[in-house]
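These notes are meant for a colleague opening the model below for the first time. Please read them with the structure at hand.

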Amino acid sequence: MGIVNGRRGSDERQEVLFATGGGAEGAFAGVVFNRPIDQVLTYRIPEHLRALVRPGQRLTVPLGKSNSPTIGYCVEVDDSGILQIDPRRIKDVVGIVDDPPLIDDAMLGLTRWIADYYLCSWGQVLDAVVPAGVKNASGTRVWTCLVVPEEVRGKIHDLPLSTKQLRVLEVLLRSEEALTTADVCRRAECAAGTIAGLRRKGLIRAIRRRIATPGDPEDSSGSISESDGAPPAELTAEQTEALRVLEPALAGKTGYGTILLHGVTGSGKTEVYLSAIEQVTARGLEAIVLVPEISLTPQTIRRFRRRFERVAVLHSHLTDAERHRHWREIADGGAQVVVGARSAIFAPTRRLGLIVIDEEHESSFKQDVTPRYHARDVAVVRASRAGIPLILGSATPSLESWRNSEIGKYRRITLANRVGGRGLPEVGLIDLSTEKLPKGCLGLSLTLQEAMREALDADGQVILLLNRRGYHTFALCSNPECRQVLHCESCDVAMTWHRERARLICHLCGAERSKPPACPACRSSKLIYGGIGTERLERETREMFGDRVIRRMDSDTMRGHGSHERVLAEFRAGKVDILLGTQMIAKGLDFPNVTLVGVVNADTSLHIPDFRAAERTFQLVAQVAGRTGRGDRPGRVLVQTFSPQVAAIDCARRHDYLGFVASELPEREMFGVPPFGRVVRLVARGEAADEVRRYLEELAEALRLREDPRVRLLGPAAAPVEKIQDHYRFHLQLRSAAAKPMQELLRAVVPEYPPPSGVDLAIDVDPVSTL
Ligand code: ADP
Ligand code: ZN
Ligand code: ZN
């Protein structure tokens, strides 16, 4: 019995098979479905499909009372002959969807583990692992192709054939690819009549084959510039040492092992990955490299393409057909290196020798819909099952990985210095509680403005980071009796004023409205607009630096395909003086001429109600600080904050990862949260707040009744964001020293308490967000 993530479908119960006396005979297939119920249903394989059905294929089978044909995933085949199953209740497999199988045994095992660990169904995981483009065979078409039957081959020269006919048969026998009638006519320079004649004689047979339609040529990733990715003349001493430590693992001598590569920004981690991968591909094995989606830039891709001949890149704006083609290529062993975001951890490599995760601390490696897996943790399991090394790299490792390296679960390698003896940039704090912003200014303090001027005058470039979109971040009623903030009607958040579009927009649900003439709550007073987003920051910057080229990069300006890359290319080429934007600009960039980075407001992530708020703030500031001083000129970072004394900001200022860890770990330990304990979060949502709360209370009560001393329950309570898109949200947290007791408890209880209709339950094991 599995966990129900949504409502229990009653008709599936019909399918439960009972062991009875007689048993059914034949061959059987275990099939799972993309539904919340974690159950393997057994079907009989009819005689004519017997040799063809294999685990890892999709099958069409009848499901439910109505026996509607449904696609499921075959996870096992039993042809031992007899199954302890009531023969009257067993249904037959209708057909095979894919041949050959989409999923190999290793991936079946891995997906089963994911379903168990993340408390969802095997079918849901399998469905998420296979890209949509593969499932619907995008970019392919079924063609009628011609083949020469087995019994005719080898004796065509003994047959009484015309020259034309002989030529047709030779063309067919010589071709390595399937040919249509039109292809053959062209190559053999004959008419369709010749082929029809041969078919009548039985010398040619027509078959139906799925063939790729001619697609676009390989997506280009821009021109290759000289410096990108070319191997350095010499590795640094630290890189050499890192590779020496990795050597036995890369040579396949030590089996599974996870290595945390803790290297400051600019210490040359990527070069270590590249060299490590070279050793693995030299042995004919493949490597998977995961990077955060926003780091999947042409620049990153080029570094891999320069060093390896066959690199498959799986990014989110591939078309279904492209994704399908890459997937097949990988499955056929055609890629040495697979580079991609989160889901590339499921790449169907056949001879995997190494997994690398860059920026392993990034929360985007966790998927926030079912299956809610964390690619880093899946990677650990995939690597250990495959008996291969896994390298996790970061300048600011997650506290989970850090602790694993402390207790010996992971091995740790440190790159403490930047390449080429460059220093880490000097980071200055601007305390906004003492230095007031100039009048009419919401973003740039005088100190920051001066520093910008200095940097620009010396021909340096400037990056300004502000992690909020829009112009004003809130609208507040001016009536002192009212003081209401204008909220989205469907969500529990303030609306953001977007000046360019002249709309108030909800960043959670996208709802828009025009500026109300008066406060909608008291209907009398005017609204005051406040807070600063990137749009306003751009305007202030233009007012002060009008003679400079300024570009803004956020999801409002970067809508068009490739616009992101275009701006980065301009910036890199020195055609832009000031680049400002959201965290889009904070990561993965490597610009030698940036001499000043300004963090406009370091506090945006500090006060969110999440136990990782401090860690996120530290990472953001530390990562941004790493964007500067990469070239020959020293760089400088200025951070504006109201809380200069908090550890997250003070330690980031001093590039003191260990200091931050030392201040943060005791707090985590005190509250029993990661890395010292595990958390599972249950979020129920629905349109009727009472119902949602009542359901979660009932569930909590049932969980408490089990009195498992190892598991602590917190809540239920309203979630920090109480309403999204007219759905009220309540949450419940389970905490325990290990994940297992919580998984066992939930697996036992949740199926007994399925949410009522209209309420939806999400179970999030190891959540990265608690909003
Ligand atoms: P990280 O990933 O740790 O931030 P990178 O791998 O991006 O660092 O390296 C930073 C810069 O140093 C890159 O421009 C890279 O090409 C360069 N680099 C890396 N290793 C060496 C080396 N051994 N010699 C010279 N330059 C190097
Ligand atoms: Zn909304
Ligand atoms: Zn009001």
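Is Thr 641 buried or exposed? Thr 641 counts as buried because its relative accessibility is 0%; buried means under 20% relative accessible area, exposed over 50%, and partly exposed in between, with a 1.4 Å probe and protein chains only.

1. Basis of the notes. This is a predicted model, in which local features need pLDDT of at least 70, side-chain atom pairs count only at pLDDT 80 or more, and totals for chains, interfaces and linings use all residues. Residues are numbered from 1 along each chain as its sequence is written, chains are lettered from A and ligands numbered from 1 in the order in which they are written, and side-chain values use heavy atoms, with hydrogens and water left out.

2. Thr 641. Thr 641 belongs to strand 27, residues 636-641. Helices (H or I, at least four residues) and strands (E, at least two) are DSSP runs, numbered from the N terminus. Between the C-alpha atoms of Thr 641 and Leu 203 there are 81 Å, and the two residues are 438 residues apart along the chain.

3. Zinc ion (ligand 2). Which residues coordinate the zinc ion (ligand 2)? They are Cys 488, Cys 491, Cys 506 and Cys 509, each through SG, at 2.2 to 2.4 Å. Donors are N, O and S atoms within 2.8 Å of the metal (3.2 Å for Na, K and Ca); water is not among the atoms, so sites may look incomplete. The site is tetrahedral, with angles of 106 to 113 degrees among the 4 donor atoms. Four donors count as tetrahedral if all angles lie between 85 and 135 degrees; four count as square planar and six as octahedral if opposite donors are over 155 degrees apart and all others between 65 and 115; anything else is irregular. Along the chain the donors of the zinc ion (ligand 2) have the spacing C-x2-C-x14-C-x2-C. Cys 488 sits in the loop between strand 19 (474-477) and strand 20 (496-498), and Cys 506 in the loop between strand 21 (503-505) and strand 22 (512-513); this pair, 18 residues apart, links distant parts of the chain. Cys 488 and Cys 506 are both buried.

4. Zinc ion (ligand 3). Here the protein donors are the SG atoms of Cys 477, Cys 482, Cys 519 and Cys 522, lying 2.2 to 2.4 Å from the zinc ion (ligand 3). Why is the arrangement around the zinc ion (ligand 3) tetrahedral? Because the 4 donor atoms subtend angles of 105 to 115 degrees. The donor residues are spaced C-x4-C-x36-C-x2-C in sequence. Cys 477 is buried, with a relative accessible area of 0%, whereas Cys 482 is partly exposed, at 21% relative accessibility.

5. Ligand 1. How many residues surround ligand 1? There are 17, and the closest are Glu 234, Gln 239, Gly 266, Lys 269 and Arg 303; a residue is near a molecule if one of its heavy atoms lies within 4 Å of it. Helix 8 (residues 269-282) gives the largest share of this shell, 3 residues. Polar backbone atoms come up to the ligand as well: that of Thr 236 is 3.5 Å from a nitrogen atom of ligand 1, and that of Gly 268 is 3.1 Å from an oxygen atom of ligand 1. Of the 560 Å² that ligand 1 exposes when taken alone, the protein buries 74%; these areas come from the Shrake-Rupley method with a 1.4 Å probe, and for residues only the protein chains shown count as cover.

6. Ser 401. Ser 401 is part of helix 12, residues 399-406. Ser 401 is buried, with a relative accessible area of 1%. The side chains of Ser 401 and Ser 398 are joined by a polar contact of 3.1 Å. A polar contact is a pair of N or O atoms within 3.5 Å; within protein, one must be able to donate a hydrogen and the other to accept it, and residues adjacent in sequence count only if both atoms are side-chain atoms.

7. Backbone points to check. Most residues other than glycine have a negative phi, and most peptide bonds are trans. The bond from Asp 99 to Pro 100 is cis, with omega near 5 degrees, and Pro 100 lies in the loop between strand 6 (95-96) and helix 1 (105-118). Asn 67, not a glycine, has a positive phi of about 55 degrees, and is partly exposed at 39% relative accessible area.
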